[in-house]
Amino acid sequence: MTTIRTARDSQWGETFARLKAMTGEGRYEEVEAEARTLAALPRRPWRRRPPHWEARVLATGAAVMHGRMAEALDELDTLIAELEPVGLNSQMLRLIARSNRVVALSGLRRYAEAETVANGVLRELNQIAHRAPVSGLETNTLRHLATVLCGLARHEEAEAVVRGNLSRANGPAAGVLHTTLAQSLNGQGRYEEALAEVRRSPPRPPRYAAGHPDLVAAEALYGLGRRAEAEDAVRRSLADCERWLHPAHPRTGEARALLARVTGPKPGEESRGEPGE
């Protein structure tokens, strides 16, 4: 890991671009460690891009993507309260932190709160769209909102949100959207369609999505009564979750719960007793 002890103000842009690239590569632990080192440096008078705040936003974002939702949520609440939206750059940093908060709340199954925060972020992004490049953050926040709507069992709304934004996404983000779409279709019992969407996801998703395609595929296969295939898929999902995500990541628990369902008695069997009982 490169140290930043002698970084001058002119180097901040290059430093943060490198850290964001590392985030895209899934190097969350390294990004968080280096960002926290940056955030702990002596504070300087505000420049165009205050490195202290951007470092803290990067660190908390990396923690969320790694799966430390509860820990990150407390820090995000403090960060958002301290980061007043004075100027466009600090306003964007605050919006990024709030979008990360949606993910943390959703991971903790606090879906109603997550929906409120997501809608607030989207409204504010719409207000500044003529002044800043907001498309990437907007697409990510809409994807988070679709996941939240699935958690609220509003699967038709989630499907509409995803389909409305598929054309705007590219690269790994598009594949993750296809998986989210499949999740919304599972919730509607449209399992064959869900499987077709999962197959459109990349064979190796971004690290934050590790285990998700196989988990959604396993749900669809289980819904179709294809239990052996569902078991294979959910075991792959659990292996990926345990390999790539923090042990506290909620997806790991979801995979274990689904595995227990898939390998347990078929519905109705557990209630059958011996004659005369």
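Q: Is the crossing of α11 and α12 left-handed or right-handed?

A: The model before us is predicted. Two packed helices are described by the angle between their axes and by the distance between those axes. In this model, α11 and α12 cross in a left-handed manner. Helix α11 covers residues 212-223 and helix α12 covers residues 227-244; their axes come within 8 Å and cross at roughly 160°. An angle over 145 degrees counts as roughly antiparallel, so α11 is roughly antiparallel to α12.

Q: Which residues of α11 and α12 make the contact?

A: From α11 the contact draws on D214, L215, A218, L221 and Y222. From α12 come R227, E229, A230, A233, V234, R236, S237 and D240.

Q: At what angle do α11 and α13 pack?

A: Helix α13 spans residues 250-263, and α11 packs with α13 at an angle of about 25°, the axes being 11 Å apart. Angles under 35 degrees count as roughly parallel, and therefore α11 is roughly parallel to α13. The crossing of α11 with α13 is left-handed.

Q: Which residues have the most contacts inside the largest nonpolar core?

A: In soluble globular proteins, nonpolar side chains tend to be buried together. Here the largest nonpolar core has 63 residues, and M92, L95, L125 and V234 have the most contacts inside it. Helix α6 gives the most to this core, with eight residues. A further core, of 13 residues, lies apart from it and includes L19, M22, Y28 and A39.

Q: With which residues is V234 in contact, leaving aside its neighbours within four places in sequence?

A: Those partners are L215, A218, A255, L258 and L259.

Q: Where does R109, which has a positive phi although it is not a glycine, lie?

A: Most residues other than glycine have a negative phi. R109 has a positive phi of about 65° and lies in the loop between α5 (88-107) and α6 (111-128). With a relative accessible area of 59%, R109 is exposed. A153 is another such case: A153 is not a glycine, yet has a positive phi of about 60°. A153 is found in the loop between α7 (135-151) and α8 (155-163), and at 52% relative accessibility A153 counts as exposed.

Q: How far apart are G13 and P51 in sequence and in space?

A: G13 and P51 are 38 residues apart in sequence and 9.0 Å apart in space, taken from C-alpha to C-alpha. G13 sits in helix α1 (residues 12-24) and is partly exposed, with a relative accessible area of 30%.

Q: How many helices and strands does the protein chain have?

A: The protein chain has 13 helices and zero strands. Of its 277 residues, 49% count as buried. Among contacts between residues at least 6 apart in sequence, 63% join residues at least 24 apart.

Note on methods: Residues numbered from 1 in each chain as written. Predicted model: local features only at pLDDT ≥ 70, side-chain atom pairs only at ≥ 80, totals over all residues. Heavy atoms only, no water. Axes fitted to C-alpha atoms, helices over the stretch in contact; angles between N-to-C directions. Helix = DSSP H or I, 4+ residues; strand = E, 2+ residues; numbered from the N terminus. Parallel < 35°, antiparallel > 145°, perpendicular 65-115°, else oblique. Left-handed = near helix turned anticlockwise from the far one by under 90°. Contact = heavy atoms within 4.5 Å. Buried < 20%, exposed > 50% of the residue type's maximum accessible area, 1.4 Å probe, protein only. Core = buried A, V, L, I, M, F, W, Y, C linked by side-chain atoms within 4.5 Å.
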